[in-house]
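This report goes through one protein chain, from its overall make-up to single residues. Please keep the sequence and the model at hand while reading.

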Amino acid sequence: MKKAEMPKKKGKLLLQIGLIFTSFFVLISILNSIFFIRNTRSTYFGSKEELLTRFLLREEETLRKIGEFTWFLDYWEAHPDRLYMMSDLADYNLIEEENITITDETVKLTREQLDALAPDVQEALARITYQSFSWEMNLMQWQLDTEKLFCIDTRKPDTGFVYVRTQLDNDTMNEISSGDMSGLISIGETIDTSSFSSIKVMNKTTYSKDSKEVYYERYDDSENDAYYYYGFRPVIVDGKVRCVIAIQHDWSDFHSDLSKHFVITVIGSVLTIMLIGGILLFFINRTAIRPVEKIQNGMQHYMQHKDSSLVAKDMETIHYNNEFGALAENLTLLAREIDRYTEENMKLTGEKERVATELSLAAGIQQGSLSTTFPVEKDFELYATMTPAKEVGGDLYDFFKIDEDHMGLVIGDVSGKGVPAALFMMMTQLLLRLYTRSESSPAGILKKTNEMLCENNKMEMFVTAWFGILDRKTGIITASSAGHEFPILQNKDGEFTLFRDPHGFVLGAMEFSEYTDYEFTLEPGCSLLVYTDGAPEATNHLEMLYGTDRMLNALNLHPDLGPKELTEALQESINKFVGDAPQFDDLTMLCLKYHGH
């Protein structure tokens, strides 16, 4: 027989560990970097929100100080070009000529009075009012170059205008220091607020009734590499949102720096993991993979040569004082135990083969003691079958010619199974035939047989038996039962019924047992079936018994069959009922059909 080749997979375990280790820790590093970036963003926006909120609230407060500031907003939107220039002395002179008093940078005029002013006076007043906002001071305090401040008119959702734009670069700081504000403050620059349509919070602020709320939302324009953070503050007048102050914070530079930091962090983490992983894999290979490979080689040698000494030699090279060392010792012991077991098993197998041979011989002897040539005569035909539960069984059947007009019929069931039961069965069969020569009645034959079995029955075995003598001329059967199953008779109408005959005690148990003869007549065309308890007591997987009722039903389905076909039909019915459940008892049947003389 060709030896199986062992698969060679050296090095794969280390590669698998390396892949798993690298994948896991790279994933952890990426997730950690993502968490760091998100946390940094959250901290950044949190601090930015606090600053922007203070600024928006302060701008709203400044705006609300203006008397009738809604008129100012309307004028601003209607005449953006007239507010571009800063106010001068002429504007103040014009206001004084109209006797308009400005107190604490606030104009104390009603809406009707403001609408009634001449256009040049309205323009001068609007410029002075704008200048009173002191936005340039706020800009100097702001010290940032990434913000834009918008005023969005909610009555026209798609329009708005810039009223402050911070541009505090170095040149602008010089302009502020010199007092030149041109280019710093853009008044009336119209913007298209439809660009805010994708910002969900914009719609929320437009209809907000909470004057204490400031709303924030990120807006990423990745196509243009621009990233914004918006703050929205609704300005409510008479319960309605009159306008929204919106501040736009451009955090593109911070986003770029953060992205670079993320890439650097990931690359640094991966390189660190590769370095640490290489060192760790070297250690794993030295302390784990190599011992496993040695153990694998030892097992391959054993599978090929079946020699535990080779395994012991391979395992001696593993000196680690850990689980691998213990495993190597255990494998050596296992190989030696397998060798010992294999040797013992070979001896045991030889013994089993010898026993199996003897059982086969015993089964052959037993089958040889049972007649297998069944008579088919003019006046009757007969068939019998015996299926043992083990190699040899304890059931018996027999039929023999007593004289020209009489046939002896025997069926029996020995207690127990196997070889002892088979030997007891053969002895019973021989005694029954022997005493048929000296006794004429079945009861007498059973009595003599019982006395002989009881004389030397050290195994305390017993046998149930039914003995009948057929008168071939009349169809009368004279029979006697030693505790055996009730026979089944077929009447002249063709129906099979159970014949409850008188019972004596079993053979081999009590030396002075008495037995009784009884007679019944088989009408021409009728059959007799005698059987052992293996038929009615056949059990399926639900532990249900087949029973005599099912036997009678199966027989009555085929009342016209001959003995062989009828017996086979009953056997098939029993097998179908039992299914895959194991057979626990021998099953024997003998069937006689009488045709008449």
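## The chain as a whole

The model is predicted. Its chain has 597 residues, and 44% of them count as buried. The secondary structure consists of 15 helices and 19 strands.

The accessible surface of the chain is about 32,900 Å², and carbon and sulfur atoms account for 55% of that area. Taking contacts between residues at least 6 apart in sequence, 69% link residues at least 24 apart.

## Helix 12 and helix 13

Helix 12 spans residues 418-436 and helix 13 spans residues 442-455; their axes lie 9 Å apart and the packing angle is about 135°. Angles over 145 degrees would count as roughly antiparallel, and 65 to 115 as roughly perpendicular. Helix 12 and helix 13 are therefore oblique to each other. Their crossing is right-handed.

On the side of helix 12, the contact involves Phe424, Met427, Thr428, Leu431, Leu432, Tyr435 and Thr436. Helix 13 meets them with Ile445, Leu446, Lys448, Thr449, Met452 and Leu453. Sorted by class, the contact of helix 12 with helix 13 contains nine nonpolar, three polar and one charged residues. The spacing of such positions can be read against a general rule: an α-helix has 3.6 residues a turn, so residues three or four places apart point the same way.

## Helix 14 and its cover

Helix 14 runs over residues 547-556, and its buried residues are Gly547, Met551, Leu552, Ala554 and Leu555.

The axes of helix 14 and helix 15 come within 9 Å and cross at roughly 135°. Helix 14 and helix 15 are therefore oblique to each other, and the crossing is right-handed. Helix 14 contributes Arg550, Met551, Ala554 and Leu555 to the contact, while helix 15 contributes Leu566, Leu570, Ser573 and Phe577. By class, the residues of the contact of helix 14 with helix 15 are six nonpolar, one polar and one charged.

Is Asp413 buried or exposed? Asp413, in strand 11 (residues 406-414), has a relative accessible area of 10% and is buried, because the cut-off for buried is under 20%. Leaving aside residues up to four places away in sequence, Asp413 touches Gly394, Asp395, Phe462, Val463, Thr464, His484, Thr532, Asp533 and Asp585. Two further aspartates, Asp395 and Asp533, are among these contacts, as is His484.

Ser33 sits in helix 1 (residues 12-64) and counts as buried at 2% relative accessibility. Apart from residues up to four places away in sequence, Ser33 touches Phe262, Thr265 and Val266. How many residues separate Ser33 and His261 along the chain? They are 228 residues apart, yet 9.3 Å separates their C-alpha atoms. Ile245, in strand 8 (residues 240-250), is buried with a relative accessible area of 0%. Ile245 and Gly231 lie 14 residues apart in sequence, with 8.2 Å between their C-alpha atoms.

Methods: Residues are numbered from 1 along each chain as its sequence is written. This is a predicted model: local features need pLDDT of at least 70, side-chain atom pairs count only at pLDDT 80 or more; totals for chains, interfaces and linings use all residues. Side-chain values use heavy atoms; hydrogens and water are left out. Axes are lines fitted to C-alpha atoms, for helices over the stretch in contact, and angles run from 0 to 180 degrees between N-to-C directions. Helices (H or I, at least four residues) and strands (E, at least two) are DSSP runs, numbered from the N terminus. Angles under 35 degrees count as roughly parallel, over 145 as roughly antiparallel, 65 to 115 as roughly perpendicular and the rest as oblique. A crossing is left-handed if the near helix is turned anticlockwise from the far one by less than a right angle, and right-handed if clockwise. Contact means heavy atoms within 4.5 Å. Ala, Val, Leu, Ile, Met, Phe, Trp, Tyr, Cys and Pro count as nonpolar, Asp, Glu, Lys and Arg as charged, and the others, Gly among them, as polar. Buried means under 20% relative accessible area, exposed over 50%, partly exposed in between (1.4 Å probe, protein chains only). Accessible areas come from the Shrake-Rupley method with a 1.4 Å probe; for residues, only the protein chains shown count as cover.
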